[in-house]
Amino acid sequence: MDLKLLTYIVVGLSFALYIGVAIWARAGSTKEFYVAGGGVHPVVNGMATAADWMSAASFISMAGIIAFAGYDGSVYLMGWTGGYVLLAVLLAPYLRKFGKFTVPQFIGDRYYSQSARIVAVICLIFISFTYVAGQMRGVGIVFSRFLEVEITTGLITGMGLVFFYAVLGGMKGVTYTQVAQYVVLIFAYTIPAIFISLQITGNPLPQLGLGGSVASGEPFLNKLDSVVTQLGFGAYTLGSKSMIDITAITFALMAGTAGLPHVIVRFFTVPKVRDARSSAGWALVFIAILYTTAPAVGAMARYNVHATVNTAVSSGGDLFAPEAALKYEERPEWMQRWEKTGLLKYEDKNGDGRIQYYNEKSKNEAFLAQAEAAGWKGNELNVDRDIMVLANPEVAKLPNWVIALVAAGGIAAALSTAAGLLLVISAAVSHDLLKSVFVPDLSEKGELMAGRVASAVAVLIAGYLGYNPPGFVAEVVAFAFGLACSSLFPTILLGIFSKRMNKEGAIAGMLSGLTFTFCYILYFKGIFITPMAENVPANWLFGISPEGIGSVGAIVNIVVAFVVSRFTAPPPAHIQHLVEDIRTPRGAGQAQAH
Amino acid sequence: MSTDNKSKADAYWADTLKLLWIVLAIWAGVSYFAGIFFAGALNSITIGGYKLGFWFAQQGSIYIFVGLIFWYAARMNRLDQEHDVHED
């Protein structure tokens, strides 16, 4: 069957499934809308959390980043999974015992301050919109590539679908749809990985295949290291970033993960405190299936790209031999297809009609001399890292149904995350701003309506951001994690573990952590303004890049909070009792609105 | 809260914090220590076709995180029972 038709059928079937689930699980009360009625089984909740968490970035971009960064890509693997350990032991059970609907509500109540709550809402909205814009863009890319429609049409379809189940279903609809989306995305991710691992190493488990051997008996990773270093790249299994930077980025991603509102709020939906602990474990089980597969996908995709354009890679011959380089005329179909999208580019710099793909910016003089002697006049192929996962099944010549499944999986990953984000945005607006600050006498029905209107407006803004991506979608990821790590995470943490922490300390800490991180990123990345300094290690504070600066921001937050709280009055007695109360599981009732 | 309840709650909290530090030590050990600080040294050991430091950074730390959370959840459930603060 024709690939396009098949893709339409597979994607269409997955949509029908989501809509069916959404109708079955629509929300009738604010409690169902915000926390799915608080009765979701921990395993189900874990699966939904996993789908919520694994975005278009995890599904489409991460393996591609690892493919080109090698060991340095480990920051995402450890950072985005290690955060769940922090969630399980530091935050989730206590926030569940607290038993309210939203993250700003916890901060507002614990620090007995509407200002603290509003600062938290601002952080939350900024973090969530940053994210959602990226998701919508992801939907657009997948639609335009696989269904060959205009990116606008793709966006509108995606928006309509998210609107339908997030707005009608609320948290309940989203939770159950996410379970379905998890199933679609995990099959879509692992099936091609299994085939590719089999082809290259003969082992069906990609996690073992990555440590397996190629046909010649040489360990796969050694083979990959030797191929890429011969072509002037850095060794795959060794890093090029400094140790302090790797450490800072990993921590910023871990604490950022634990501080992301759309992740935290998932733990309000389970029935008991003990379920909040195990649910974090289940979420990580489902996430780990993809995250332990991703490094194999990345490494094997990198190998496959080299093996495609240089026949000496798999035969073990001379990589510099003129006839080893692939003739442009004989390039495979997938390369032709991706060239149309502009994400793959060829330029015949030495006019030999063949593709030389290597690191022309290598600092190794001997290598550069060797390349020049072979008549190479610069790297001729540019591969966008975002196509690694999507092109993978085509590169490995897998059947069309696998390619169609990957399209459905990419869309599932983007939609499930977008829906979760829209939900926390709408809850923050209707619950934390309208109900608690502006219209305190809002009825439950009115609040539910306001929540729906807020998510409808959020869908429209998200769609707009996806259509007109602020040129900085990739850069703002650093923003989202940096801000969550330096503002929400330390503030919630101190609220649970320090009884003495008061309103003044928390607000001062949040604002200083936030401002520090915000300014540092702006200084180097210059998102709204021109960067004020070149973004190179020599200019960085302690050698920490803007991606990792949230770690320092978190320390700033904690230090400022402690100092200020010691010079101001301790929190009132009832707040100290509240803290004692959330530390013990007994008496955790259902999540309450007020 | 009566003094008796208070000292009971304090004992529970002290035990909770003790467990918390153990969990965080393992968490940091497999990621920051094995996967980053000592990755270079561990890379001289290989398991299967993996260099050990690289394995911790891209595979091992994730498996251990999963096990760690379930172990923590089980230990906490037991602590809740022992200190009689468990949910019904």
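Are α4(A) and α18(A) parallel or oblique to each other? The model is predicted, local features need pLDDT of at least 70, side-chain atom pairs count only at pLDDT 80 or more, and totals for chains, interfaces and linings use all residues. Residues are numbered from 1 along each chain as its sequence is written, while chains are lettered from A and ligands numbered from 1 in the order in which they are written.

## Packing of α4 and α18 in chain A

Two packed helices are described by the angle between their axes and the distance between the axes. Helix α4 (residues 56–69) and helix α18 (residues 400–438) of chain A pack at about 130 degrees, and their axes are 7 Å apart. The two helices are therefore oblique to each other. Axes are lines fitted to C-alpha atoms, for helices over the stretch in contact, and angles run from 0 to 180 degrees between N-to-C directions. Angles under 35 degrees count as roughly parallel, over 145 as roughly antiparallel, 65 to 115 as roughly perpendicular and the rest as oblique. Helices (H or I, at least four residues) and strands (E, at least two) are DSSP runs, numbered from the N terminus.

From α4(A), the contact draws on A:A56, A:S58, A:F59 and A:I60; from α18(A), it draws on A:G409, A:G410, A:A413, A:A414 and A:T417. Contact here requires C-beta atoms, placed from the backbone, to lie within 7 Å. Ala, Val, Leu, Ile, Met, Phe, Trp, Tyr, Cys and Pro count as nonpolar, Asp, Glu, Lys and Arg as charged, and the others, Gly among them, as polar.

Helix α5 (residues 74–98) of chain A has 25 residues, and its first and last C-alpha atoms are 35 Å apart, close to the 36 Å expected at 1.5 Å a residue. The expected span is 1.5 Å times one less than the number of residues. A kink of about 55 degrees in α5(A) is centred on A:L87, the bend at a residue being the angle between axes fitted to the seven residues ending there and the seven starting there. Because 25 of its 25 residues are buried, α5(A) is largely enclosed by the rest of the structure. A residue is buried if 20 or more other C-beta atoms lie within 10 Å of its own, exposed if 12 or fewer, and partly exposed in between, with C-beta atoms placed from the backbone. After α5(A) comes A:G99, which has a positive phi near 70 degrees.

Helix α3 (residues 42–53) of chain A has 12 residues and reaches 16 Å between its end C-alpha atoms, close to the expected 16 Å. With 10 of the 12 residues buried, α3(A) is also largely enclosed by the rest of the structure. Among the buried residues are A:N45, A:D52 and A:W53, and their cover includes α8 (151–201), α12 (261–264), α13 and α18 of chain A. Helix α11 (residues 243–259) of chain A is mostly covered, with 15 of its 17 residues buried. Its end C-alpha atoms are 24 Å apart, in agreement with the 24 Å that 17 residues should span.

## The surroundings of A:V167

A:V167 lies in helix α8 of chain A and counts as buried, with 25 C-beta neighbours inside 10 Å. Leaving aside neighbours within four places in sequence, A:V167 is in contact with A:R452, A:S455 and A:A456. The C-alpha atoms of A:V167 and A:N304 are separated by 43 Å, the two residues being 137 residues apart along the chain.

## The contact between chains A and B

The contact takes 42 residues from chain A and 34 residues from chain B. On the chain B side, α1 (3–37), β2 (50–51) and α3 (52–82) each supply at least two residues. The most comes from α3(B), with 16 residues. By class, this side of chain B has 22 nonpolar, 9 polar and 3 charged residues.

Helix α13 (residues 273–309) of chain A and α3(B) have axes that come within 9 Å and cross at roughly 170 degrees. That makes the pair roughly antiparallel. Residues that meet here include A:R274, A:R277 and A:Y291 in α13(A), and B:F65, B:F70 and B:M76 in α3(B). The contact of α13(A) with α3(B) divides into 14 nonpolar, 6 polar and 2 charged residues.

## Positive phi in residues other than glycine

A:F542 has a positive phi near 55 degrees and is placed in the loop between α21 (503–525) and α22 (549–566) of chain A. With 11 C-beta neighbours inside 10 Å, A:F542 counts as exposed. In chain B, phi of B:D84 is positive, near 55 degrees. B:D84 lies in the segment after α3 of chain B and counts as exposed, with 10 C-beta neighbours inside 10 Å.

Technical notes:
Two residues are in contact if their C-beta atoms, placed from the backbone, lie within 7 Å.
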